[in-house]
Amino acid sequence: MFKKTKVSYTEAPLGYWEEKSYMLAIPEHEEENPLEGIFDRVETISGVEILEKRDMSDQADGYMKIRYKAEEFEVGFFPTNFHFEDYYVLPTYFFKAEDIEKLKNTKIALTIYMKFNENAKKSFHLQLKLIHAIMPNLLAVMDESAEKLLPANWVRMSIRTEVYPSANDLYTVQAVSGKNGEVWLHTHGLCRCGLTELEILESDTENYNNHYNLIATFASYLLDKKNETHFPEEGIYIGLLNNGQPVVATCISWTLGLHEYKKLKLGNLEDRKTGHNSKTSLIFIYQSEEDEKKQVLSKVSVYNDLWGENPIFFLSNEETDRMKSLAIERFSYVEEALKNKKNQVIVKIGLQTEEADEDHLEHIWFELLEIKEGKLHCKLLQEPYHVKNMHEGDEGFYKIGEVTDWIIYEDAFQINPGNVYILEDKK
């Protein structure tokens, strides 16, 4: 464990956007009044019952207590100003150029906020449903707690399914660059989920992409396995380096971890005067089982020369199951795309391995050649690790129910089950 020091840092209270989830519903037309008939529209959401309600006044925000899927939620709302910032637009989400121009000229929005219950994905999904019901003519949603914009069509497609959004949709990882190539990675959006925000200090322009994947994998693990791991006493096995060495990560509050960085240029105490000073933790590495037992923590940079080009980061079983459900539910887009011979389609299929556990699958990418009589004619694109008598280039027929993911290479886009709304936006 870290040595004690005379200097101590104090964790600040959570900000309002960290205690609750704050989102801004941005209208397609500013002249619309989303407050008129708001409770009637909320009651159209399947499974939602309003238990208490209060109109907005000069003294108080609008309010409602609702019951949804056997749980109660308290929701507040009020009109607010909106100011567009370029960093709100992430490459993860697609916006049409004309919508960006509209967002730059939009000045008003309706803030809708709520406290997440234990299941953060369920809470997030419900908040999207509320936003769409309250303001059906959406231009976009500004997720203030995660500091990102969500496209209207992504919201509409997300609420049409009972498959919850990905853990990645609940937070962002931001990268702040310094003058000498130093990078500070940190998350936004995890506190509202009852978790700690995460950081990696002393990253750099050469390694930040692998560090980004590490912090994102760690964050997704926390969302899927909430309260099942105790840090820093336990590490989580989240990946493999190119030499096969396991990546076991843990985290510790910034108030303790910051002492290990003596000449920090980014993320230092000065940078934390107005933010990143509440519930946020620094990620560290356990290099061995012995290190984990003795809680000998190493900086993430200890692996800078070992990542290679293709380190492996693991998905939780929860995320794999979610991806499979969504891939199968939206498989009709694959069937439609395959009609255009210019499109290449690849599918990921879960195959039984040599492991004794019959539920242990290896998820492997195939090129989808055709769909014949409901079966997928596929060509293996990679050499399996744990599947007998199969090799790259082999062809076979598989069931749609065996698909766990897919990608459509269409024009300038790679379409997958999570961003298939892009096809709607291109129309």
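Colleague: Which residue in the turn between β6 and β7 has a positive phi?

Modeller: That's Glu 147, with a phi of about 55 degrees. β6 and β7 form a hairpin with four residues between them. Strands here are DSSP E runs of at least two residues, helices are H or I runs of at least four, and both are numbered from the N terminus. Keep in mind that this is a predicted model: local features need pLDDT of at least 70, side-chain atom pairs count only at pLDDT 80 or more, and totals for chains, interfaces and linings use all residues. Residues are numbered from 1 along each chain as its sequence is written, and side-chain values use heavy atoms, with hydrogens and water left out.

Colleague: How many bridges join β6 to β7?

Modeller: Four, and the strands run antiparallel. Pairing takes at least two DSSP bridges between two strands. β1 (residues 21-27) is also antiparallel to β6, through five bridges. Met 142 is the bridge partner of Leu 24 in β1 and of Leu 149 in β7.

Colleague: Is β6 mostly covered or open?

Modeller: Mostly covered: six of its six residues are buried, meaning under 20% relative accessible area with a 1.4 Å probe, protein chains only.

Colleague: Switching to the core, which residues touch the most other members?

Modeller: Phe 82, Leu 103, Leu 149, Phe 366 and Trp 406, in the largest nonpolar core, of 106 residues. A nonpolar core is a set of buried Ala, Val, Leu, Ile, Met, Phe, Trp, Tyr and Cys residues joined through side-chain atoms within 4.5 Å. Helix α4 (residues 120-134) gives the most to this core, with eight residues.

How values were computed:
Buried means under 20% relative accessible area, exposed over 50%, partly exposed in between (1.4 Å probe, protein chains only).
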